[in-house]
Amino acid sequence: MNPQDAQSSLDEIRRLEGRTRQVLVSQRFARPYVLLAALGLFVGLASLDLENPWRSAALLIGFGLFVGVGIVQEHRALVRRKPTGPEWLFWTGLSAGLMLLFGVLRIAAWAWFGLPAQGLLSQGTVAAAATAATYLAVTPLARRTLTTVTRREGGRV
């Protein structure tokens with residue numbers, strides 16, 4: 001093998017690695033999965049204001065849908081690989097940020113609008129709707145961030 005063949009092979013490998021990373025990010029943020037995850041997030045968070053046994057049932061359905069979307073998405077993925085440390089940090093930060101936002105919005109709904117703790121238009125329902133809408137709104141930013149994180153990971157694909 002001459003040096004030009006070796007270099008062209010390495011260039012092809014790098015090109016395919018880049019394409020694999022693009023497919024990995026695009027399948028993580030496919031529109032149907034994002035919409036279903038937002039619905040599950042809304043149902044799960046809004047269920048916190050319900051009375052038992054409805055609270056437990058809605059909580060299981062909502063967060064079950066949220067987690068189930070991720071499982072189905074991973075099962076149907078064209079590209080699979082183990083997430084790296086920075087990718088785990090990204091997903092953990094996104095989840096923690098959404099939960100923090102929900103708490104802040106719930107307090108704001110009580111303080112600014114005087115909404116009750118339970119009922120159809122309650123603190124949790126308003127905060128859950130705003131959190132789910134924020135999740136949908138930050139999806140393009142999250143996609144770009146995950147693209148950057150996966151590009152920086154020069155290791156395995």
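For the first stop, take contact to mean heavy atoms within 4.5 Å. Keep in mind that this is a predicted model.

Select Val25, which sits in helix α1 (residues 3-28). Its relative accessibility is 2%, so Val25 counts as buried. Now show what surrounds it: apart from neighbours within four places in sequence, Val25 is in contact with Arg143, Leu146, Thr147 and Thr150.

Next, go to helix α5 (residues 123-137). Its 15 residues reach 21 Å from the first C-alpha to the last, close to the 21 Å expected at 1.5 Å a residue. Colour the buried positions of α5, among them Ala127, Ala128, Thr131, Ala132 and Tyr135. Which helices do the buried residues of α5 pack against? Show α2 (31-46), α4 (85-113) and α6 (139-152), and you have the partners.

On to the loop between α2 and α3 (54-75), where you will find Pro53. Look at the bond between Asn52 and Pro53: this peptide is cis, with omega at about 5°. For context, most peptide bonds are trans.

Last, select Asp49 and Arg106. Their side chains meet in a salt bridge, 2.5 Å from N to O. Arg106 belongs to helix α4 and Asp49 to the loop between α2 and α3, so the pair ties together parts that are 57 residues apart in sequence. With 5% relative accessibility, Asp49 counts as buried. A search of the whole structure turns up one salt bridge.

Conventions
Residues numbered from 1 in each chain as written. Predicted model: local features only at pLDDT ≥ 70, side-chain atom pairs only at ≥ 80, totals over all residues. Heavy atoms only, no water. Helix = DSSP H or I, 4+ residues; strand = E, 2+ residues; numbered from the N terminus. Buried < 20%, exposed > 50% of the residue type's maximum accessible area, 1.4 Å probe, protein only. Expected span 1.5 Å × (residues − 1). Salt bridge = Lys/Arg side-chain N within 4 Å of Asp/Glu carboxyl O.
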